[in-house]
Amino acid sequence: MDIGCRKYAYNDALAGTVVILSIAIRVATKANWICSGMGILRSLLYIALYLSWGWSIQKRVIQRKTRKIILRIVGLMIFWFVIRSVKYFFVVNSMALRQLWYWYYLPMLFIPMLALMVALSVGKPEGYKESKLSKALYVPTILLVLLVVTNDFHHLVFSFPEGEIPSDKNNILEPGYYLTVIWGIGLAIAAMGIIVTKSRLQMYRKYLPAGVLFVSVIYIIVYASGAEWMQMIGGDITAALCLMIVTILESCIRCGLISTNTRYDSLFQAGSLKAQIVDSEGVIRYANGNAPVLSLENIRKSYDRPVNIDSNTRLKSSVIPGGHVLWVEDIAEIQQILEELEENRRSLSEQNNLNLENYNVRKKINIIREKNRLYNQLQVTTRKQIEKLDYLLDSYSEEEDPEGRRRILAEIMLIGAYVKRRGNLVFLEEKNELMDISELTLCLRESFYGLRLFGIECAMNFPNQVFLDTSDVIRIYDFFESIVETAWGNLTSVWLVGRTDGNGIRFCFEIESEGDFSRIADIATTASEDNGVWRFTIETERREK
């Protein structure tokens, strides 16, 4: 017998003991062997039994909707026992006794209805929601309960002889009672029919709950006949019906009609995975039929890392509460693949080394080509200034006047600053389409330093955090250099200002010089001259970075 079966046998024996003890208390009470107050202990035993069964339902039943409905049934059975115990042991008022008796019909009607809803939920997916039809069952059930509990106003369920105190001992059954009984029995039969129809198990197993239901019907018939022995043993219809309800639902669970998450030990043993479960001491607790015999040493080694049992087998483990689960992997195919991969790796490594060398050579060639391209572009762009520098260097070596040599050096510095900054802009243009106006400020500031050596007044005022097309920055700087070269020798002052205008920016140049700037006036947006003061403007668009 596996662990699951032993656990079921233990629970069944414990539940049977509780039931037998409760019946014994009832018989002893009826025979006046013990005081009637012991009946409270019997009620507490039944309530404890149903609470423990409900707790097991919470752990075992998988389908959430089914689980919730069965727990509602458990709650109704406990409610039934509570009001029954209050009726028999704590209340003496005839009206209160009668009202408690009426409330018996709340669980007597709702339990079969909920059993039918359990049947409808069997086999449904996890997100199953009650249909409109199943929700509609609440309407007649609630109406029948209200019909019973309000019987004192209409006597459609029970009537009582005139002149006697109305109670459950002297009632006369009316049509409402038969309607109530038919509805409850109909719901129970419908529930069992649906569960049996949905079952895919063997015929002899799926009819076990139906057999329990048949026994329940026989009990009700014998009880209604008034047999004296039944009144002595099973006269407590509340206890009997609740036990039968639990037995029917439990038999549905045992037969597999209601899915549970038990019997994992049998499933584990029948599995094809070569696995076993050991406790914290390394003792094997569960093992399937394919599990190999393992030494305690290998079991403990596998706790830290996978262990190769042989060249084609590896033992792995994982921690679980109370121990470890171990399984064996066949790594023969993996080993073969690894060998093939290693061979491919060696072949690819040689090929990759050759490709890497080729790539590095091509990379160096491309870097040199790119440098040459940029140097050629810079040389073409500043060709005029470079030729001027050659001429000035030759002039400097021939000049003997110190003042003349100073002026030549200052001009060399001014042109050299332009060549340097212009080259920098060439490189930046390759990387960025946009440029901050601060880069233009740096270029002009370096040129201003050379102009001031000649006593030329220089000033500029540009806004901050303004971005322009790199080509516009180069155009403005080239225009400034053209002005300087054109006016060289008779330049008095240079003033530059940049003003934002909507989405654009306007650069204004004011040059005080006797030179002729008509040759470069067409480059600017506007150009004018007034008493030796030339004014130019260049308009560009602002850009967002």
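This is a predicted model: local features need pLDDT of at least 70, side-chain atom pairs count only at pLDDT 80 or more; totals for chains, interfaces and linings use all residues.
Biologist: Let's start inside. Which residues touch the most other members in the largest nonpolar core?
Modeller: They are Tyr50, Trp53, Ile70, Ile73, Met77 and Ile258, in a core of 65 residues. Helices H1 (3-30), H2 (39-60) and H3 (64-89) are among the elements that give two or more residues to this core.

Biologist: And what is tryptophan 53 in contact with?
Modeller: Leaving aside neighbours within four places in sequence, tryptophan 53 is in contact with Arg60, Ile70, Val74, Met77, Val246, Leu249 and Glu250.

Biologist: What lies apart from that core?
Modeller: Another core, of 40 residues, including Tyr418, Leu468, Trp534 and Ile538. As a general point, nonpolar side chains tend to be buried together in soluble globular proteins.

Biologist: Which residues line the largest cavity?
Modeller: Lys388, Glu411, Leu414, Ile415, Glu481, Val484, Glu485 and Trp488. Helix H18 (402-431) and helix H20 (470-486) are the elements that give two or more residues to the lining.

Biologist: Changing topic: where does aspartate 279 lie?
Modeller: In strand S3, which covers residues 275-279.

Biologist: Is aspartate 279 buried or exposed?
Modeller: Aspartate 279 has a relative accessible area of 12%, and the cut-off for buried is under 20%, so aspartate 279 counts as buried.

Biologist: What does aspartate 279 touch?
Modeller: Not counting residues up to four places away in sequence, aspartate 279 touches Arg285, Tyr303, Gly322 and Gly323.

Biologist: Where does glutamine 465 lie?
Modeller: Glutamine 465 is in the loop between strand S9 (457-461) and strand S10 (467-469). Its relative accessible area is 63%, so glutamine 465 is exposed.

Biologist: And what about asparagine 531, what is its phi?
Modeller: About 55 degrees, a positive value although asparagine 531 is not a glycine. Asparagine 531 lies in the loop between strand S13 (526-530) and strand S14 (533-541).

Biologist: Does asparagine 531 count as exposed or buried?
Modeller: Exposed, because its relative accessibility is 75%.

Methods:
Residues are numbered from 1 along each chain as its sequence is written. Side-chain values use heavy atoms; hydrogens and water are left out. On a 1 Å grid over the protein atoms alone, a cavity is a set of points where a 1.4 Å probe fits but cannot get out, and a pocket is an open set with protein on both sides within 12 Å along at least five of seven lines; lining residues have an atom within 4 Å of a point. Helices (H or I, at least four residues) and strands (E, at least two) are DSSP runs, numbered from the N terminus. Buried means under 20% relative accessible area, exposed over 50%, partly exposed in between (1.4 Å probe, protein chains only). A nonpolar core is a set of buried Ala, Val, Leu, Ile, Met, Phe, Trp, Tyr and Cys residues joined through side-chain atoms within 4.5 Å. Contact means heavy atoms within 4.5 Å.
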